[in-house]
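Could you walk me through this two-chain model, element by element?

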Amino acid sequence: MRRIKVLNEDVVRHIAAGEVVEHPASVVKELVENALDAEASRIVVEVAHRGSWTIRVSDNGWGMSEEDAPWALERHATSKIASLEDLRRVRTLGFRGEALPSIAAVSTLELVTRTPRAPHGTRVLVRGGRRQAVEPVGCAPGTTVTVTDLFFNVPVRAKHLSGDKAEVARITAVVTALALANPQVAFRLSHEGRRLLETPGNGELLDAVISLYGRDTAEQLLPVEECDEPFRVRGLIGRMALARSDRSHQYFFVNNRPVRSRTLRTGLEQAYATSLPRGKYPWAVLFVECTPELVDVNVHPAKQRVRFTAEARVRELVRRAVERALTGARTGWEIPKSAVETPGVAEKPVPYLPAPSVSAKGEGAHIADLEPLWDIAGESDVLSRLRPLGQLARRYIVCEGPDGLYLVDQHAAHERIHFEQLQGDPAVQELLMPVVVEPGPEQLALWESHRVALERAGFRAEQFGPTALALRSVPSALGNAEPRDAFLQLLSRLREAGPARTGAGEWELVQRALAACVAAVKSSQPLSMEEMRRLISSLAATPRPWTCPHGRPTVLKLPQQRIDRYFHRS
Amino acid sequence: MKLIASQEVLSEALQTVSRAVAPRTTLPVLAGIFLKAEEDHLQLLASDLEMAIRSRVAADVERAGAVVVPARYFAELVKRAPAGDIEIAVNPDNWTVELQWAGADYVIHGEAPENYPSLPFGEDDGSCTLEQAMLKEMIRQTVFAAATDEARPVLTGCLMRLRNGHVEMVATDGFRLAYRRVPLVDDDQGLTDSGVVIPARALQEVARLLGDQGTVSISARANQATFTVADTKLMTRLLEGQFPAFEKVIPGHYRSMMRLDRQRFHQGCERAALLGRDRGMGVRLTVQGGTLTITGVSSEVGRVHEELQVELEGEAIEITFNPRFLLDGLRAVAGERVIFETTGPFGPARMRGEDDPDFYYIVLPLRAV
Ligand SMILES: Nc1ncnc2c1ncn2[C@@H]1O[C@H](COP(=O)(O)OP(=O)(O)O)[C@@H](O)[C@H]1O
Ligand SMILES: [Mg+2]
């Protein structure tokens with residue numbers, strides 16, 4: 001009997017439509033999800049880039065019959081749902097019946113598939129959406145989809161693809177997430193024959209993490225488990241030591257589907273709130289489970305965003321679960337239950353000087369329209385005449401200066417100063433013993449692509465086993481900041497900066513990212529008056545003190561005149 | 001609970017234990033100090049769950065009992081009270097604490113003692129004993145080299161272990177390493193050969209408890225260590241994880257060795273560091289024959305050039321350091337003259353006092369341009 005059927009129009013209208021094939025990584029995602037839906041226990045992903053992309057995903061799932069195989073490539077043809085009712089209860093990763101035809105429309109797609117009971121398999125070949133062949137072949141049970149010449153008929157998209165290495169990093173990120181979501185499946189990803197990641201598929205999340213991130217990381221993990229029926233949350237979270245400067249190591253799954261969710265993220269981060277410094281994000285792999293009716297997966301075509309029927313409840317559940325895991329780990333000592341609940345003798349922490357709230361309307365309007373100083377020409381010696389008065393919100397230095405009040409953005413100032421210092425080749429601090437870093441599969445790929453420039457910047461590293469690097473030196477500008485942290489931060493800044501460049505462009509990218517890292521390390525600290533003075537005089541000594549290397553202003557002036565006018569003293 | 005104690009004694013004990021009060025906490029009761037009156041004394045205890053300090057003072061106890069008082073208010077109030085006797089009475093119905101002295105009467109809201117975590121101080125564990133002054137010096141000479149960054153927790157503490165009748169203490173942040181050992185006064189299995197890693201913060205607090213006379217006993221167990229100084233005990237959680245096998249990175253032999261006056265070396269480096277301070281510049285040491293030249297260059301500010309007389313054995317030296325790491329070492333090393341040994345321009349260097357076999361400092365150079 002045929003299992004794959006074309007959805008009726010009514011259902012199609014209810015499915016959030018959209019382009020699913022934007023990058024090689026989205027192709028990988030769709031193909032791997034299909035393999036997972038087919039209950040494969042082993043999935044092999046091979047990618048290569050030689051002029052154009054070749055992507056092959058093989059699985060040992062239940063395959064397709066001779067009759068079904070050609071239908072898999074029809075639009076809105078799926079075996080996963082049939083009615084609107086099904087859409088509400090969907091538990092599979094796919095259900096739109098769009099992925100294979102969309103991919104086949106912009107590539108050459110070969111589908112080779114066989115069900116375990118069939119005597120032979122079927123091969124379907126489609127190029128640019130046109131069927132070229134359907135024929136019997138000999139093959140093992142399961143499915144192999146090979147995509148070649150990706151985007152051959154969409155030259156614009158092919159051109160907009162960022163560099164080879166950046167794409168590989170993105171693919172790695174996709175497979176990592178799916179591998180974490182499915183520890184019962186053995187994954188293997190290789191790029192041009194080189195193995196990028198591999199998981200054992202023994203059903204243990206921790207073993208999957210070890211194979212992707214390494215043992216040191218695994219040692220810093222705490223199990224999480226909590227439920228508030230019908231919602232359950234479980235998974236692993238990192239101790240403080242694993243906190244990263246971006247969120248690329250936060251994985252959330254809802255009913256095993258990788259998702260992005262503010263609700264879950266907020267719940268997680270609230271639990272860490274008091275213990276992590278600003279700009280640090282916890283490491284986490286969290287699974288939320290509930291009956292499919294309570295979550296809407298149909299919001300976004302790439303199926304990454306979800307909505308819960310009870311957002312606040314889920315957030316609270318996550319927060320509580322994480323907080324409990326963290327407290328349990330921190331306090332080996334016995335704490336009476338009563339203590340956790342008593343409001344008791346706690347004294348309120350002294351608040352930092354709050355930032356003044358300047359509303360755009362009404363009274364505040366007088367001071368709302370401040371001009372950044374870099375607009376004011378011909379005041380080059382202003383900086384050397386500033387007298388620091390104090391620090392605002394640990395972020396700005398408040399100064400008295402010629403004709404008014406000045407605010408210096410600490411971070412931007414540090415960034416400018418260090419950017420100038422890093423011109424030429426920066427001084428490099430040797431390390432007493434190599435620092436082992438487990439950056440995770442995606443960042444490892446990124447390191448490799450920028451290896452030479454990173455080395456020039458001072459981060460000398462070597463591959464150290466399949467998941468780790470051994471760092472041997474760091475840029476001296478970092479002072480005694482933790483090398484691993486700074487290195488990971490640099491990688492994540494490079495990641496944000498987007499496509500990998502080469503040559504001079506790449507070097508500048510690395511320099512800018514490094515300056516930002518150094519600034520981040522230094523500007524999170526409270527400053528003494530002496531340090532404020534020194535920071536401003538160093539800024540004054542740079543050739544372009546008014547902006548940071550990213551173009552943000554460093555100084556803001558509030559003219560005396562305006563202050564006077566505001567207080568009706570003019 | 002009801003008792004009378006002396007203001008001076010009580011205030012001092014409160015200041016001592018207050019150091020362990022949690023400044024910000026998810027467990028509100030930890031912003032308090034746990035008081036317990038029994039027999040002839042009052043016990044005081046504070047903790048932030050990483051560290052706990054317990055002390056005791058003599059008191060006339062009329063009624064035994066316990067209570068948790070808000071640390072800040074209680075300690076400040078007692079500190080500002082006039083010298084003499086203070087009477088403290090607790091109403092166990094609502095946990096209000098009444099303080100009285102001549103003509104004054106204050107009431108503070110306390111909390112039920114059951115809410116306070118019970119902290120095991122390892123009373124019966126074996127311990128080893130050191131001179132207070134020696135432990136204090138040992139902490140001073142090593143703790144600065146511990147990492148301040150939480151990213152590698154085990155490096156934010158000092159390794160403390162037993163070796164050949166000595167206690168050794170080692171700290172490193174991966175850029176430099178400080179080592180010191182002191183002889184044991186007495187050993188009853190308080191420490192082991194493999195040792196424990198004690199948080200730097202706790203050691204700094206231990207140092208505050210230490211005086212110039214008397215001994216301190218140390219006992220490290222499973223996941224905590226306790227330091228006992230007279231009537232005060234400081235307990236700290238240990239850092240988990242493997243302390244790096246530091247001996248492996250300590251060079252066995254050196255290509256050059258110079259001896260020179262410590263103070264002049266220190267001052268020279270300090271001056272040289274001054275100009276490049278804001279620019280992350282290194283300080284360069286060049287030794288040829290009997291002369292050490294210290295240079296520091298900053299294109300904007302100017303140039304430093306200073307010469308010192310040294311005794312050099314082995315090859316000429318040319319090496320650059322982050323001035324901070326160099327100065328930290330020079331501050332830690334004791335004695336009038338220092339020995340400075342190098343293994344080449346990019347390899348580790350060692351610094352130690354000329355007549356002090358018990359301390360050394362290893363520092364890694366800059367690969368300057
Ligand atoms: N690896 C596979 N193993 C078995 N069946 C598959 C596989 N890939 C695709 N199919 C079949 O092809 C259909 C269409 O796939 P697809 O276009 O991705 O749509 P969807 O996954 O949304 O149903 C699926 O419903 C499924 O029946
Ligand atoms: Mg699909």
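Here is a tour of chain A, its helix pairs and one of its sheets, and then of chain B.

## Ground rules

This is a predicted model, so to speak of local features a pLDDT of at least 70 is needed, side-chain atom pairs count only at pLDDT 80 or more, and totals for chains, interfaces and linings use all residues. Residues are numbered from 1 along each chain as its sequence is written, chains are lettered from A and ligands numbered from 1 in the order in which they are written, and side-chain values use heavy atoms, with hydrogens and water left out.

## The two chains in outline

Chain A has 18 helices and 24 strands, where helices (H or I, at least four residues) and strands (E, at least two) are DSSP runs numbered from the N terminus. Of its 570 residues, 52% count as buried; buried means under 20% relative accessible area, exposed means over 50%, and partly exposed is in between (1.4 Å probe, protein chains only). Chain A exposes about 25,700 Å², with 51% of that supplied by carbon and sulfur atoms. Those areas come from the Shrake-Rupley method with a 1.4 Å probe, and for residues only the protein chains shown count as cover. Take the contacts in chain A between residues at least 6 apart in sequence, and 70% of them join residues at least 24 apart; a contact here is heavy atoms within 4.5 Å.

Chain B comes to 6 helices and 28 strands. It has 369 residues, and buried ones make up 56% of them. Its accessible surface is about 15,800 Å², and 46% belongs to carbon and sulfur atoms. For contacts in chain B between residues at least 6 apart in sequence, 66% join residues at least 24 apart.

## Helices packing around α6 of chain A

Two packed helices are described by the angle between their axes and the distance between the axes. In chain A, the axes of α2 (residues 24–37) and α6 (residues 164–181) come within 9 Å and cross at roughly 20°. Axes are lines fitted to C-alpha atoms, for helices over the stretch in contact, and angles run from 0 to 180 degrees between N-to-C directions. That makes α2(A) and α6(A) roughly parallel, since angles under 35 degrees count as roughly parallel, over 145 as roughly antiparallel, 65 to 115 as roughly perpendicular and the rest as oblique. On the α2(A) side the contact includes Val28(A), Val32(A) and Leu36(A), and on the α6(A) side it includes Ile171(A), Val174(A) and Leu178(A).

α6(A) also packs with α7 (residues 205–213) of chain A, at about 155° and with the axes 9 Å apart, so this pair is roughly antiparallel. Thr176(A), Ala179(A) and Leu180(A) of α6(A) meet Leu205(A), Ala208(A), Val209(A) and Leu212(A) of α7(A).

## A four-stranded sheet in chain A

Chain A has an open sheet of 4 strands in the order β18-β19-β20-β24, with antiparallel pairing; two strands pair if DSSP finds at least two bridges between them. β18 (387–392) and β24 (555–559) of chain A are the edge strands, each with a single partner, so one side of each has no neighbour in the sheet. The twist averages 25° from one strand to the next. Inside the sheet, β19 (residues 396–401) and β20 (residues 404–409) of chain A pair over 6 bridges, and Cys399(A) has Tyr406(A) as its bridge partner.

Two helices lie across these strands. α13 (residues 410–421) of chain A lies across β18, β19 and β20, at about 65° to β20(A). α17 (residues 529–540) of chain A lies across β18, β19, β20 and β24, at about 110° to β18(A).

## A buried serine in chain A

Ser492(A) sits in helix α15 (residues 483–496) of chain A and counts as buried, at 3% relative accessibility. Leaving out residues up to four places away in sequence, Ser492(A) touches Ser245(A), Asp246(A) and Gln443(A). Gln443(A) is 49 residues from Ser492(A) in sequence, yet their C-alpha atoms are 7.5 Å apart.

## Two strands of chain B

In a regular strand the side chains alternate between the two faces of the sheet. β20 (residues 283–288) of chain B has Val283(B), Leu285(B) and Val287(B) on a covered face, and Arg284(B), Thr286(B) and Gln288(B) on an uncovered one. β20(B) runs antiparallel to β24 (residues 317–321) of chain B, joined by 5 bridges, and Thr286(B) has Glu318(B) as its bridge partner.

Arg54(B) is in strand β4 (residues 51–58) of chain B and is buried, with a relative accessible area of 16%. Its contacts, not counting residues up to four places away in sequence, include Phe121(B), Glu123(B) and Asp231(B).
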